[in-house]
Amino acid sequence: MKPRVAFFDFSSCEGCQLQIADLEEDILNLIDIVDIVSFREVMKEHSDDYDIAIVEGSIMRPMDEQRLRRIRNHAKILVAFGACATIGGVNKIRNQWPVKKVMKEVYGDVDVENNEFFKVSQTKAINEVVPVNYYIHGCPPNREEIKHVITSLALGKKPEIPNYPVCVECKKNENVCLFELGKFCIGPITRAGCGAICPTNGSPCDGCRGILSKPDVECVMELLQRYDLTYEEMKSRCTIYNTGVFNPKDGMTLVRRGKNE
Ligand code: SF4
Ligand code: SF4
Ligand code: SF4
């Protein structure tokens with residue numbers, strides 16, 4: 001029997017789900033190996049009988065947490081899908097300010113206090129609320145990796161996701177390092193798997209695939225020294241997708257070994 005797959009979204013731009021809708025004829029190959037029982041973007045039907053839940057978006061409110069827990073209870077396998085879900089992504093930028101201040105900035109004097117819909121907490125990635133089995137990284141994730149993860153799960157295999165830096169793929173592409181051109185790239189601490197698409201096209205990596213579980217801290221400090229950059233600049237570059245990873249509470253060793261801490 002084919003595994004039943006359901007897609008869900010929380011706070012997001014839905015660009016990750018669009019990547020699947022855009023698979024075009026490849027989607028037929030996926031339908032050969034899985035039954036899609038819920039996918040709001042492309043079908044009306046919905047079923048709560050699924051094996052694999054693929055969840056896009058960040059968690060912003062207590063009501064989202066409750067819904068996510070229900071999804072987790074139904075699913076045998078839960079996959080966090082895209083940067084908003086895997087690391088909080090751009091939605092976590094607001095965690096740099098108190099929730100009340102952010103609400104005031106967005107809604108002004110509108111009374112949102114007594115409305116459940118507006119009861120907002122700090123932004124969380126999916127694994128800060130429920131256990132996650134697998135991750136599909138990126139903003140948006142690349143389609144080859146989406147196919148690889150779904151196919152592996154359908155075949156009962158563990159998907160292989162790189163845990164080495166974007167620099168490896170960048171070097172393979174024979175690019176001139178962007179630090180040499182005066183740009184600040186966080187490829188050295190970011191998980192590869194995107195083919196170093198940004199630096200290959202002249203834009204520094206912003207870390208959308210998340211920070212490596214064990215970045216080479218010595219190498220990063222050496223790099224900062226060589227280009228006369230500061231640890232603070234590195235932290236600031238990471239706030240686009242990875243706000244909070246430099247918090248010692250999150251166990252990011254970079255924070256304890258950085259010379260400016
Ligand atoms: S990860 Fe990027 S593409 Fe996906 S929902 Fe979030 S902002 Fe959109
Ligand atoms: S451009 Fe970025 S990803 Fe490429 S080698 Fe330099 S630091 Fe690494
Ligand atoms: S190069 Fe960096 S920002 Fe660009 S897609 Fe890859 S991980 Fe994301």
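Ligand 1 has 13 residues around it, and S12, G15, G82, C84 and C139 come nearest. Keep in mind that this is a predicted model.

**Ligand 1**
- Helices α1 and α4 each put at least two residues into the shell around ligand 1.
- By class, that shell around ligand 1 splits into 7 nonpolar, 4 polar and 2 charged residues.
- P140 itself sits in the loop that runs between β5 and α6.
- For context, most residues other than glycine have a negative phi, and most peptide bonds are trans.

**Ligand 2**
- Ligand 2 is surrounded by 13 residues, and the closest are C167, C170, C177, C185 and G187.
- Helix α7 (residues 166-172) gives the largest share of this shell, with 3 residues.
- The shell around ligand 2 has no charged residues: 11 are nonpolar and 2 are polar.

**Ligand 3**
- Around ligand 3 you'll find G138, V166, T190, C194, A196, I197, C198, C205, D206, G207, C208 and R209.
- Sorted by class, these come out as 7 nonpolar, 3 polar and 2 charged.
- A196, part of the ligand 3 shell, has a positive phi of about 50° even though it isn't a glycine.
- A196 is in the loop between α7 and α8, and A196 counts as buried because 23 other C-beta atoms lie within 10 Å, where 20 or more is the cut-off.

**The nonpolar cores**
- The largest nonpolar core contains 37 residues, and I52, A53, I54, V55, V79 and F81 have the most contacts inside it.
- The elements giving two or more residues to this core are β1 (4-9), α1, β3, β4, α4 (83-86), β5 and α6.
- Another core, of 16 residues, lies apart from that one; its members include V166, I189, A196 and M234.
- V166 and A196 also turn up in the list of residues around ligand 3.
- As a general rule, nonpolar side chains in soluble globular proteins tend to be buried together.
- Which residues does V79 touch, leaving out those up to four places away in sequence? They are I52, I54, V55, N133, Y134, I136 and V149.

**Helix α6**
- Helix α6 (residues 143-154) has 12 residues, and at 1.5 Å a residue it should span 16 Å; the end C-alpha atoms are 16 Å apart, so the two agree.
- Which residues of α6 are buried? They are E145, I146, V149, I150 and L153.
- The buried residues of α6 pack against α1 (15-21), α2 (26-33), β3 (52-56), β4 (77-81) and β5 (134-136).
- V149 is one of those buried residues, and V149 is also among the contacts of V79.
- Just after the helix, G156 takes a positive phi of about 75°.

**Exposed spots in the loops**
- E174 has a positive phi of about 60° without being a glycine, and E174 lies in the loop between α7 and α8 (197-200).
- Is E174 buried or exposed? E174 is exposed, because it has 7 other C-beta atoms within 10 Å and the exposed class is 12 or fewer.
- P131 is in the loop between α5 (99-107) and β5, and P131 is exposed, with 8 other C-beta atoms within 10 Å.
- P131 and V79 are 52 residues apart along the chain, yet their C-alpha atoms are separated by 9.6 Å.
- D49 belongs to the loop between β2 (35-38) and β3, and D49 is exposed too, with 10 other C-beta atoms within 10 Å.
- D49 touches R4 and V37, not counting residues up to four places away in sequence.
- D49 and A75, 26 residues apart in sequence, are 8.3 Å apart in space, C-alpha to C-alpha.

Note on methods: Residues numbered from 1 in each chain as written. Chains lettered and ligands numbered in written order. Predicted model: local features only at pLDDT ≥ 70, side-chain atom pairs only at ≥ 80, totals over all residues. Near = placed C-beta within 6 Å. Helix = DSSP H or I, 4+ residues; strand = E, 2+ residues; numbered from the N terminus. Nonpolar A, V, L, I, M, F, W, Y, C, P; charged D, E, K, R; others polar. Expected span 1.5 Å × (residues − 1). Contact = placed C-beta atoms within 7 Å. Core = buried A, V, L, I, M, F, W, Y, C linked by C-beta atoms within 7 Å.
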